[in-house]
Structure formats: structure tokens, C-alpha cells
Amino acid sequence: MSNWSLTQLLSGLHDDIERRLSIAREAFAHPGTKGDASEGVWLALLETYLPQRYRAAKAHVVDSRGAFSDQIDVLVFDRQYSPFIFTFEDQLIVPAESVYAAFETKQTINANHVNYAVA
């Protein structure tokens with residue numbers, strides 16, 4: 001048996017994500033660029049470790065009544081059984097029924113951010 005350590009592997013992954021988010025926070029002054037970089041870190045992590053049945057992407061959600069969400073920073077949805085809705089130039093529209101999780105990625109948080117995410 002080898003001397004591998006799951007604890008060390010996961011700790012290393014945590015340290016890598018923390019370092020990459022820190023770089024995004026410290027290297028970019030423009031809030032939109034900083035946000036895009038942070039979203040990219042989370043999307044890459046989820047795309048790497050989620051089972052292939054799921055997808056993580058920046059997307060809009062549409063419900064059965066045709067109401068659309070604002071753009072969601074990180075959306076986890078079923079890509080195996082979800083009906084195709086629409087994609088164009090990296091803009092995705094996903095049916096609400098296929099959504100498993102929605103995340104807003106922020107470098108700092110306040111009550112306004114929480115209220116926006118809840119809405």
C-alpha cells in the first residue's frame with residue numbers, strides 16, 4: 001500500500017482554491033474583473049469534481065411561467081435529463097426544474113448581497 005493521504009490531498013486542494021481566490025481578490029482592482037476571476041475559480045472546481053451528469057456554469061434560469069432570473073454566478077444543473085433550452089455565445093438559459101444549486105460569488109458580503117441572492 002502506498003503512503004498517500006486523503007487528508008493531505010484535500011488540504012492541498014483547499015489551499016489551492018484559497019490561494020487562487022486570494023489572487024483574484026488582490027490582483028484585480030476592477031470589481032467586474034475580480035468577480036469574473038472568482039467565478040472562474042469556483043466553476044473550474046465544480047466542473048472538475050462534480051459527476052459528469054451535472055454541469056456548473058454562469059447562467060440564467062427560466063421557470064415554467066416564462067419568468068427569467070438575473071444572471072447567476074454559479075449554477076449547478078442536471079445536463080443529462082434537462083431539456084435543452086438555449087445557449088448562444090456562452091449565454092445559457094436553464095429550466096428551473098433542472099437546477100440543483102445557485103451561488104452568488106462575492107469577495108465580501110453584506111445584507112444587500114444576501115437580499116439580492118435570496119430574491
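Start by selecting Asp 73: with a relative accessibility of 8%, this residue counts as buried, since the cut-off for buried is under 20%. Keep in mind as you look around that this is a predicted model. Asp 73 sits in strand β2.

Now show the side chain of Asp 73 together with the backbone of Thr 105. One of the polar atoms of that side chain lies 2.8 Å from the backbone nitrogen of Thr 105. Next, bring up the wider surroundings. Leaving out residues up to four places away in sequence, Asp 73 touches Glu 39, Leu 43, Ala 57 and Lys 58, and also Phe 103, Glu 104, Thr 105 and Lys 106.

Glu 39 belongs to helix α2, which covers residues 31-49. Is Glu 39 buried or exposed? Its relative accessibility is 7%, so Glu 39 counts as buried. Apart from neighbours within four places in sequence, the contacts of Glu 39 are Lys 58, Asp 73, Val 74 and Thr 105.

Time to zoom out and colour the strands. Which order do the strands of the sheet follow? Reading across, you will find β3-β4-β1-β2-β5, five strands in an open sheet with mixed pairing. At the edges are β3 (86-88) and β5, each of which pairs on one side only.

For a closer look at one pairing, select β1 and β4. Strand β4 takes in residues 91-95, and three bridges join it to β1, the two running parallel. Within this region, find Val 62, which stands opposite Pro 95 in β4.

Finish with the aromatic rings. How many aromatic pairs does a search of the whole structure find? There is one. Tyr 54 lies in β1 (residues 54-62) and Tyr 100 in β5 (residues 99-103), so the pair ties together parts that are 46 residues apart in sequence. Tyr 54 is partly exposed, at a relative accessible area of 22%. Tyr 100 is partly exposed as well, and its relative accessible area is 49%.

Notes. Residues are numbered from 1 along each chain as its sequence is written. This is a predicted model: local features need pLDDT of at least 70, side-chain atom pairs count only at pLDDT 80 or more; totals for chains, interfaces and linings use all residues. Side-chain values use heavy atoms; hydrogens and water are left out. Helices (H or I, at least four residues) and strands (E, at least two) are DSSP runs, numbered from the N terminus. Buried means under 20% relative accessible area, exposed over 50%, partly exposed in between (1.4 Å probe, protein chains only). Contact means heavy atoms within 4.5 Å. Rings of Phe, Tyr and Trp (its six-membered ring) pair if their centres lie within 6.5 Å; planes under 30 degrees apart count as stacked, over 60 as edge-to-face and the rest as tilted. Two strands pair if DSSP finds at least two bridges between them. A polar contact is a pair of N or O atoms within 3.5 Å; within protein, one must be able to donate a hydrogen and the other to accept it, and residues adjacent in sequence count only if both atoms are side-chain atoms.
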